[in-house]
Amino acid sequence: ILEDEGGKSYILFLGSSGGAGATHIRHSGSDRVYLTAELASWEVSPSVASWIETGYLSLDAKQLLSISVQNPNGTFDFIKSPEGIWTYTGLGEGQVFDTEAFLATANRLTSLRMLEPLGTEGKPAYGFGEPGAVVVLGLQDESGSTSQLTLTIGGILDGTNYVAKASNSPYYVKIAPTYATELVEMSHEGLLVAEPTPTPEP
């Protein structure tokens, strides 16, 4: 549906391909069908993400100093050394932190994409009364000034995807489980390198 400056609407129906680089098209109210190479059905996706800039959090990974994740399983604190190595402060004696898996989590936090914006007004359905996770990112810019950014993960909105809100944005957004599940379900045991299963003696 196209709308001009005067508010008049035009409805176009896009059909199947009529050959290489050609698509059947018909204007509402007319039985005439035309072929065009100027527009294809895949170019007018109904997905909101096809029409907006989906980047929601875009941070310089080098400026990330610390990450703190709070969820129903507890609070998990991580600190990055000047050499860029992450450590988990909750390690017990003999336990080994799975730094490789956590690095992937940290990288996703610095480049978080939304599926669609939900507006600037919080709603009970978003689940922020009892959030799934609260993530606090410690940052340091090139001048040495430090700051914090908070990302709150709410509930599941449509059976699959989560609602999120960053403190540096007025918008509540919908994000994929790829970004949210690992934060909501983070646990002490899941942060450790699994011990090898002993080989049973014959």
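## A network of salt bridges

Glu-116, Asp-158 and Lys-174 are linked in a network of salt bridges, a salt bridge being a side-chain nitrogen of Lys or Arg within 4 Å of a carboxyl oxygen of Asp or Glu. This is a predicted model, in which local features need pLDDT of at least 70 and side-chain atom pairs count only at pLDDT 80 or more, while totals for chains, interfaces and linings use all residues. Residues are numbered from 1 along each chain as its sequence is written, and side-chain values use heavy atoms, with hydrogens and water left out.

## Buried and partly exposed partners

Lys-174 is buried, with a relative accessible area of 11%, where buried means under 20% relative accessible area, exposed over 50%, and partly exposed in between (1.4 Å probe, protein chains only). Glu-116, at 25% relative accessibility, counts as partly exposed, and so does Asp-158 at 40%.

The whole structure holds 3 salt bridges, one of which joins the side chains of Arg-108 and Glu-182 at 2.8 Å, N to O. Arg-108 belongs to helix 1 (residues 99-110) and Glu-182 to helix 2 (residues 177-184), so that this pair links distant parts of the chain, 74 residues apart.

Tyr-162 has its place in strand 14 and, at 8% relative accessibility, counts as buried. Leaving aside neighbours within four places in sequence, Tyr-162 is in contact (heavy atoms within 4.5 Å) with residues including Ile-153, Lys-174 and Ile-175.

## Paired strands

Strand 12 (residues 133-140) runs antiparallel to strand 7 (residues 64-71), and 6 bridges join them; two strands pair if DSSP finds at least two bridges between them. Strand 12 also pairs with strand 13 (residues 146-156) in the antiparallel sense, over 8 bridges. Strand 12 and strand 13 form a hairpin with 5 residues between them, and Gly-144 in the turn has a positive phi of about 95°.

Note on methods
Helices (H or I, at least four residues) and strands (E, at least two) are DSSP runs, numbered from the N terminus.
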